[in-house]
There are 2 protein chains.
Amino acid sequence: MTIMLPVKIAGLGWYLPEKRVTNADLEACLGIPAPWIERVTGVQERRYCTYETAAQMGATAARMALEMADIDVRDVDVIIGASTTQQQAIPCTAVFVQRELAAPEGRSTCFDINATCLSFLFALQTAAHLVAAGVYRTILIYSSEQGSRSLNPAQRESAVLFGDAAAAAVITRSQEGETSALWHSHFRTFHSGAELTQVVGGGTLHHPNDPTTTPEMNLFHMSGPAVFKQASLQSGPFLEEFFAGLDWSRASIDAVVPHQASRHAVELLSSRLGFCREQIVWNLAQRGNCIAASIPLTLAEAVHSGRIQRGQRILLVGTGAGLTLGALALTF
Amino acid sequence: MTIMLPVKIAGLGWYLPEKRVTNADLEACLGIPAPWIERVTGVQERRYCTYETAAQMGATAARMALEMADIDVRDVDVIIGASTTQQQAIPCTAVFVQRELAAPEGRSTCFDINATCLSFLFALQTAAHLVAAGVYRTILIYSSEQGSRSLNPAQRESAVLFGDAAAAAVITRSQEGETSALWHSHFRTFHSGAELTQVVGGGTLHHPNDPTTTPEMNLFHMSGPAVFKQASLQSGPFLEEFFAGLDWSRASIDAVVPHQASRHAVELLSSRLGFCREQIVWNLAQRGNCIAASIPLTLAEAVHSGRIQRGQRILLVGTGAGLTLGALALTF
């Protein structure tokens with residue numbers, strides 16, 4: 001069922017850490033051939049944070065998004081942190097973004113939503129309903145990821161795939177005469193994929209202070225080929241369900257903004273899932289897989305470059321650890 | 001502004017770890033006098049998990065909630081994990097609850113919401129809007145906390161305050177003739193309180209593998225008196241704002257279900273915030289402060305004991321690390 005929500009992404013912004021890491025850099029330090037990296041992952045370079053904290057990155061992206069939206073930070077009602085990697089265990093990272101932004105305390109409230117790579121999509125669905133219902137006027141969502149802290153040099157593919165980045169979006173009600181709207185979202189989780197992408201440490205199961213917790217438990221474990229197999233098996237039926245609830249044809253979509261999971265994952269959209277190459281927006285080669293920041297970063301860069309315009313039909317789509325599949329249709 | 005959402009808490013359940021820890025037990029192992037513990041915190045005993053995982057605890061609570069709601073696990077559309085302590089860094093814990101429940105994979109989707117002690121209130125607000133808008137029919141929220149893993153023996157008050165528990169709620173649309181509804185929710189975050197309750201480890205700032213990360217960083221740091229001071233300063237104006245948006249008098253509320261933060265925090269409601277002692281539901285003495293599980297556990301126990309009945313006016317209220325204040329009014 002299509003439920004039109006009269007909300008718009010009023011502003012988008014991003015932040016990229018200063019440190020640029022090329023495939024040659026990784027070949028030099030990990031011994032993984034640069035041509036192999038590009039062929040298998042599709043990534044040519046990515047950024048790694050050094051001095052930047054997750055909250056600083058998120059706040060910088062948020063300032064750019066607020067500027068585009070022409071909204072003062074004092075008018076933000078809610079800050080949603082939509083990230084996988086948290087800055088610290090308690091409190092939630094959005095609180096530190098409120099501080100970094102110098103947002104007046106007590107004016108807004110803060111919480112985090114985590115569905116790994118799809119965190120931004122779940123946060124956007126939540127924000128759109130809260131704004132459409134009139135509970136809040138202005139919601140700031142940011143995704144700030146520092147996957148580089150947990151790279152596993154023993155795993156060739158994931159060690160070179162990820163990049164760090166932050167991106168942010170400001171959600172408001174569409175004004176009269178504006179066509180911006182959120183039309184439909186759809187999610188499905190398959191727990192048989194839970195072990196295919198995981199960091200088993202960092203929680204109560206293997207607490208950092210537990211003497212049986214090994215350093216390796218605090219690093220990424222990803223079975224790229226198995227994730228790709230499960231995702232490609234499920235994506236077809238998932239998108240059929242999605243489009244059954246949406247009055248749009250695939251061809252009518254102006255831009256498909258996928259999670260930049262890997263070269264093969266993004267190519268699947270045109271090779272087997274019914275989209276044209278021209279519809280699909282890429283930033284994988286320069287950014288890597290930026291986990292939850294990937295979708296909003298790709299969207300933000302495409303909007304600021306002019307690739308995506310107001311009034312166009314946009315599909316945000318991807319997979320996240322879980323395995324979860326997600327898709328969201330909006331008129332930008 | 002009051003926005004009535006025709007949704008109900010169709011079922012509630014909980015799980016308490018088997019291991020019961022009395023103040024005498026803590027005196028024996030930590031050297032903190034049992035009478036001091038009860039006087040300062042109000043806690044007489046609490047549970048600590050041993051063999052139980054966070055997902056197992058959450059799933060057991062969820063099964064009880066589904067049974068009360070008379071809803072089959074196959075009919076759950078969304079599972080929201082509303083907890084502070086995650087089971088592992090990736091993927092989100094709700095995925096593991098989907099598995100523990102033997103919920104058919106691909107039928108539901110999973111994500112986590114984290115606002116420490118107020119996670120359940122934010123999740124309830126989100127779930128209520130998604131159900132009221134017709135996006136989903138049945139949403140399962142669970143909070144499963146294992147704060148005992150991060151207790152800091154160097155901090156007398158927090159070391160004895162927390163207990164482990166899980167609680168769950170099933171959210172559906174109210175049927176014709178049912179008075180159940182969610183009326184109003186309100187939240188405010190004050191980042192000047194961010195350092196008053198924190199675990200600075202467990203994230204990217206002090207990664208578990210970082211050689212500068214000390215074991216102490218992975219434990220609770222709570223300045224109880226400072227939190228109490230900030231909370232008591234802000235609670236009055238916060239509740240004035242809350243009631244300004246709600247057509248209920250304080251006296252018309254049948255049960256106030258507070259976060260069981262501490263004896264002094266709960267007593268504030270009757271001593272300075274305008275409620276009668278008879279309105280307030282306690283379980284602090286037997287349960288301790290169960291972080292995000294505290295509010296839904298207190299509510300669930302009160303409903304199953306008959307203290308709270310269908311059709312009654314309920315106020316859920318509390319504070320969480322941030323510092324965040326939250327309140328939510330519903331007709332049960």
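Reader: How do you know through which surface the copies meet?
Author: In chain B, 100% of the interface residues are also interface residues in chain A, so the two copies meet through the same surface. Residues count as in contact if their C-beta atoms, placed from the backbone, lie within 7 Å. Please keep in mind that this is a predicted model, in which local features need pLDDT of at least 70 and side-chain atom pairs count only at pLDDT 80 or more, while totals for chains, interfaces and linings use all residues. Residues are numbered from 1 along each chain as its sequence is written, and chains are lettered from A and ligands numbered from 1 in the order in which they are written.

Reader: How many residues does each chain bring to the contact, and which element of chain B gives the most?
Author: Chain B and chain A bring 62 residues each. On the side of chain B that touches chain A, elements giving two or more residues include α4 (93-100), α5 (119-132) and β8 (181-189). Strand β5(B) gives the most, with six residues. Helices (H or I, at least four residues) and strands (E, at least two) are DSSP runs, numbered from the N terminus.

Reader: What makes β5 of chain A and β5(B) a pair?
Author: Strands pair if DSSP finds at least two bridges between them. Strand β5 (residues 109-114) of chain A and β5(B) have three bridges, in the antiparallel sense. At one of them, A:Ile113 has B:Ile113 as its bridge partner.

Reader: How do you know what kind of axis relates the two copies?
Author: A rotation of 180° with 0.0 Å of shift along its axis superposes chain B on chain A, with RMSD 0.0 Å. The two copies are thus related as by a two-fold rotation axis. In chain B, the C-alpha of B:Ile113 is the nearest to that axis, 2.3 Å from it. The superposition is by least squares on the C-alpha atoms of residues with pLDDT of at least 70 in both copies.

Reader: What makes chain A as compact as a globular protein of its length?
Author: Chain A comes to ten helices and 13 strands. Its radius of gyration is 19 Å, close to the 20 Å that the globule rule gives for 332 residues, so chain A is as compact as a globular protein of that length. That radius is taken over C-alpha atoms, and the rule is 2.2 Å times the number of residues to the power 0.38.

Reader: Why is A:Asn23 called buried?
Author: A residue is buried if 20 or more other C-beta atoms lie within 10 Å of its own, exposed if 12 or fewer, and partly exposed in between, with C-beta atoms placed from the backbone. A:Asn23 has 20 such neighbours, so A:Asn23 counts as buried. This residue lies in helix α1 (residues 23-30) of chain A, and its contacts beyond four places in sequence are A:Ala34, A:Ile37, A:Glu38 and A:Gln44.

Reader: And why is B:Leu269 called buried?
Author: B:Leu269 has 22 C-beta neighbours inside 10 Å, so B:Leu269 counts as buried. You can find B:Leu269 in helix α8 (residues 263-271) of chain B. Beyond four places in sequence, B:Leu269 is in contact with B:Val256, B:Pro258, B:Phe275 and B:Ile280.

Reader: How do you know to what extent α5(A) is enclosed by the rest of the structure?
Author: Here 14 of the 14 residues of α5(A) are buried, so α5(A) is largely enclosed by the rest of the structure. This helix (residues 119-132) reaches 20 Å from its first C-alpha to its last, close to the 20 Å expected at 1.5 Å a residue. The expected span is 1.5 Å times one less than the number of residues in the helix.
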